[in-house]
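Here is a short report on one protein chain. It starts from a single residue and widens to the whole model.

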Amino acid sequence: MSDAASEGPKPPSRLPLDWIAASLRRERTRAGLSLSELAKRAGIAKSTLSQLEAASGNPSMETLWALGVALGVPFSALIEPPMPAVQVVRAGEGPTVHSEHSSYTAVLLSASPPGARRDIYRTRLEPGSVRESEPHIPGTVEHLTVSTGRVKAGPRGEEVELGPGDYMAFRGDVPHSYEALAPGTTFVLVMQHI
């Protein structure tokens, strides 16, 4: 495998304007601000903000930074790509950090967003029945990592089969299910409530 291939996908050289437009609209709506009020607070022209929310124009870092400050959100919140509805990290994948002094290895599966509450469960499931779960409170995200066995889990119609070491995240505020595909299936389940 070449060095370039082992580095993984390269980020785009330019941020897609539709990411920025969607983020600006989402955060402006969340803050309850009009286009005029946000432009005034950020010290930019209303026409510039209107163009950005229409996914046109060429935003500078300074403009986006001023908008982030005016909205009370980190700069990254305006430029992060949209997250897929279901995220999967397979065993052996993900950003890994190794200890210098021991065999300890940590793989970052998911960073906690500010203001989130997480409940962590160690779960055991046997084949023969499906655990159907109704939606939890709005904003709930479920994270699971398989320890032993195999499980099929996720939102109805988007279930994914996972094996030992695999990780997935999905919305827990929609109907979802868990089904053991092998005896002695165990996994760690983290319920994040925002």
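Val151 touches Leu125, Leu144, Val146, Val160, Glu161, Leu162, Glu179, Ala180, Leu181, Thr185 and Phe187, leaving aside residues up to four places away in sequence. A contact means heavy atoms within 4.5 Å. Val151 is buried, with a relative accessible area of 0%. Buried means under 20% relative accessible area, exposed over 50%, and partly exposed in between (1.4 Å probe, protein chains only). Val151 lies in strand β7, residues 151-155. Glu126 is 25 residues from Val151 in sequence, and their C-alpha atoms are 9.3 Å apart.

The model is predicted: local features need pLDDT of at least 70, side-chain atom pairs count only at pLDDT 80 or more, and totals for chains, interfaces and linings use all residues. Residues are numbered from 1 along each chain as its sequence is written, and side-chain values use heavy atoms, with hydrogens and water left out.

The protein chain has 6 helices and 11 strands. Helices (H or I, at least four residues) and strands (E, at least two) are DSSP runs, numbered from the N terminus. Of the 194 residues, 34% are buried. Among contacts between residues at least 6 apart in sequence, 69% join residues at least 24 apart.

Confidence is given by pLDDT, the predictor's value for each residue, from 0 to 100. The chain mean is 83, and 86% of residues reach 70 or more.

Where pLDDT is low, predicted coordinates should not be read in detail.
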